[in-house]
Every structure is written in C-alpha cells, then in structure tokens.
Amino acid sequence: MVQTALLPAAPKSQDLYAKVSHRIPAIEWPVFSGDIEAIQRLKRERNAVILAHNYQTPEIYYCVADIVGDSLALAREAVDVDADVIVLAGVHFMAETAKLLNPQKKVLIPDLAAGCSLAESITPENVRELRRRYPGVPIVTYVNTSAAVKAESDICCTSGNARKIIESLGVPRVIMIPDEYLAKNIAAETGVEIITWKGHCEVHELFGTEEVAQLREDYPGVVILAHPECSPEVVQAADFSGSTAAIANYVAKERPERVALLTECSMSDNISVQYPELEFIRPCNLCPHMKRISLANIRSALEKMEHEVEIDPVTAVRARRAVERMLAVS
Ligand code: 13P
Ligand code: SF4
C-alpha cells in the first residue's frame with residue numbers, strides 16, 4: 001500500500017498532532033513539533049521529498065513523510081519523484097535503490113550506519129562464487145543487499161513480488177539470496193527449487209512457533225500476520241504472510257478484531273492509528289537500524305545536506321539493470 005501524505009503547504013502543528021494523538025501523549029508533543037515544523041520548512045526550501053519505510057516511527061510516518069510504503073513501493077515511487085533532493089527515512093540499501101533510480105538527484109540518508117543484517121550477510125565475491133558453482137542458474141537478489149551485490153545478480157526482488165519474480169523466470173531452479181527464510185517460504189509457495197544463502201533478518205528470526213502458540217492461547221481469536229523473513233515454521237503457524245504493505249492491506253480489507261503482527265514494532269503503531277477500533281497485540285521486535293532514523297537527524301540531513309549516497313558508476317549501471325528488470329516484471 002502506498003500512501004502519499006496529504007500535507008497542506010504549511011501544515012499546522014495541531015493538524016499533524018491529530019494524526020498521531022493516538023500514539024503520542026499531548027504532553028510529549030512539544031518534543032516533536034519544533035523538528036517537524038523545521039523539516040516542513042526545509043523540504044520546501046530544498047525542494048526535497050521524504051520517502052519513509054513502514055517501519056519508521058509515527059511522528060516520521062505521519063508528520064514529515066511524503067511517501068510511505070514497503071521496499072517495493074519505495075522503489076517504484078522513487079522512479080517518479082519530482083524533486084531535487086530525496087531523503088530516505090529507512091535503511092542504507094533503500095537509499096541506494098532510490099539513488100540507482102535517480103542518478104541525477106541528491107539522495108540523503110540521515111544516518112549512514114542504518115544498515116541491515118541481510119545486506120551485511122553477503123559480499124559480491126560470495127555471489128560470483130555461487131555463479132561459478134551453479135553455472136546457468138539465474139540469481140535473484142533480495143533488495144535488502146548492497147548495490148555491489150545487486151550488480152552481480154540477474155534480477156532483484158522484494159518480499160512483495162518475490163513469488164512473481166521467481167515464477168517469471170520459468171525455470172525449475174534458481175539461486176535466491178541472501179535471506180534463507182524468505183527463499184524457503186517462496187520455494188514452498190512456488191515449487192521451484194531454490195538454492196539459498198544463510199542470511200537472516202535479525203528482527204524476524206527472533207519470532208518462534210512457541211510465541212505463536214502462546215499468542216493463540218493468551219488471545220483467543222487473534223489473527224496472526226507474519227512477514228516472510230520469519231522462519232518457514234513461523235510462517236506456517238501464522239494465518240497470513242506477506243510484505244509490510246501486504247500486511248497493511250490485509251488489515252484494511254479483513255479488519256480482524258484482534259490482530260498480532262509478527263514484524264517490526266512500528267508497523268502496529270502506524271497501522272493502529274488508522275484502525276483505533278481494532279485490538280493490536282504487540283509481540284514485536286525493534287529493528288535497531290531503522291530506529292537510527294529520527295526527526296532530529298532528518299532535520300540535520302536537510303540543514304547540512306548530508307549524508308549523500310554515492311554509488312560507483314560502473315557498479316550502478318549493473319545494479320540498476322537488476323532493479324529495473326524487477327520493476328518491469330512487477
Ligand atoms: P518490506 O519490503 O516488506 O517492507 O520489508 C522490508 C524489510 O526490511 C523487512 O524487514
Ligand atoms: Fe534488515 Fe531486518 Fe531491519 Fe528489515 S527489519 S532492515 S531486514 S534488519
């Protein structure tokens with residue numbers, strides 16, 4: 001689900017507060033409002049837009065972001081951004097993807113250390129070694145990787161389109177890196193043989209089947225939605241599995257009275273703002289990388305025009321090809 005924040009030219013502090021009053025007590029609002037007003041002003045002065053991932057906190061998601069969504073939506077929307085500057089409120093691979101699709105624009109990330117355990121699990125040399133070991137087998141790379149790893153790949157995928165991408169190849173065997181669990185979950189859905197890598201998301205690997213069983217016992221009738229970076233056992237024990245956008249869409253369509261999202265904590269915070277009548281059980285885990293982004297460092301990024309994301313041009317050409325192939329299929 002992509003939502004373009006409907007912010008007026010000069011949004012009033014009280015209008016913005018109304019969007020997040022469900023999550024932020026009134027007494028705490030002054031802590032946020034100064035940075036929010038400054039960011040709104042700086043966006044106009046710099047002709048900048050803020051792309052924010054669904055795991056950003058409500059004050060970022062609802063009060064300063066122009067476009068919010070899952071990794072696929074952020075990549076798609078980045079193609080059409082009409083601005084001089086993109087600030088990526090998310091992790092480094094997302095900012096790199098935005099830069100690949102906007103080589104002429106300035107792409108800023110508020111904290112360069114906002115990484116990802118999946119992106120860190122694999123190097124370009126690892127991918128070249130896989131290609132040597134399995135000649136002729138296509139390499140599908142999850143977007144949660146560096147541009148240098150994407151450059152060694154045939155096509156990218158996200159959790160939102162992985163099945164479609166794998167099926168589009170029309171072959172019995174593919175290499176899908178680096179998320180072992182996502183690959184196994186997609187193999188179970190498609191019947192395609194998938195050679196994978198031992199990368200894991202440090203947030204989603206923490207969920208276990210005992211937790212799912214405990215949730216069902218403690219909260220009768222709870223509907224459990226799991227991100228496909230969870231283990232296959234957890235995905236099987238859940239009621240539904242999908243990308244962060246698919247999870248948001250499920251809640252919008254099915255309106256489960258009592259629901260638990262097995263994913264990063266801000267997902268429930270952000271979705272629950274729209275559905276105050278639903279009961280969100282919150283068995284979540286925090287992503288320390290996503291949580292490096294704050295109003296304060298978004299403001300600082302726009303004030304100082306830092307930290308600019310740069311990709312070596314030779315790598316960028318090859319990595320862009322893999323991302324554009326993905327966008328063409330999905
Ligand atoms: P989505 O593409 O589903 O938003 O997932 C991104 C991510 O990093 C999940 O951990
Ligand atoms: Fe990476 Fe997991 Fe954080 Fe997503 S939640 S950015 S996959 S570490």
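Is Cys-284 buried, exposed or partly exposed? At 24% relative accessibility, Cys-284 counts as partly exposed, because the buried class ends under 20% and the exposed class begins over 50%. The structure is a predicted model.

**Cysteines**

Cys-284 forms a disulfide with Cys-265, the two sulfur atoms lying 2.2 Å apart. The count of disulfides comes to one. With a torsion of about 90° about its S-S bond, the Cys-265 and Cys-284 disulfide is right-handed. Cys-265 belongs to helix H14 (residues 265-274), while Cys-284 sits in the loop between strand E13 (279-281) and helix H15 (295-304), so the pair ties together parts 19 residues apart in sequence. Cys-63 takes part in no disulfide; the nearest cysteine sulfur, that of Cys-265, is 19 Å away.

| Residue | Relative accessibility | Class |
|---|---|---|
| Cys-63 | 0% | buried |
| Cys-201 | 8% | buried |
| Cys-265 | 13% | buried |
| Cys-284 | 24% | partly exposed |

**Ligand 1**

The residues around ligand 1 include His-53, Asp-70, Asn-144, His-204, His-227 and Glu-229. An oxygen atom of ligand 1 is 2.8 Å from a side-chain N or O atom of His-227, and an oxygen atom of the ligand is likewise 2.8 Å from such an atom of Glu-229. For Asn-144 the corresponding distance is 3.4 Å. Ligand 1 taken alone exposes 300 Å², of which the protein buries 95%.

**Nonpolar core**

The largest nonpolar core holds 95 residues, and Leu-51, Met-176, Leu-261, Ile-271 and Ile-298 touch the most other members. Helix H5 (residues 92-101) supplies the largest share of this core, six residues. Beyond its neighbours within four places in sequence, Leu-261 contacts residues including Leu-225, Ile-247, Met-267, Ile-271 and Phe-280.

Definitions and conventions: Residues numbered from 1 in each chain as written. Chains lettered and ligands numbered in written order. Predicted model: local features only at pLDDT ≥ 70, side-chain atom pairs only at ≥ 80, totals over all residues. Heavy atoms only, no water. Core = buried A, V, L, I, M, F, W, Y, C linked by side-chain atoms within 4.5 Å. Buried < 20%, exposed > 50% of the residue type's maximum accessible area, 1.4 Å probe, protein only. Helix = DSSP H or I, 4+ residues; strand = E, 2+ residues; numbered from the N terminus. Contact = heavy atoms within 4.5 Å. Near = heavy atom within 4 Å. Polar contact = N/O pair within 3.5 Å; in protein donor to acceptor, adjacent residues only side chain to side chain. Areas by Shrake-Rupley, 256 points an atom, 1.4 Å probe, with all protein chains shown as cover. Disulfide = S-S within 2.5 Å.
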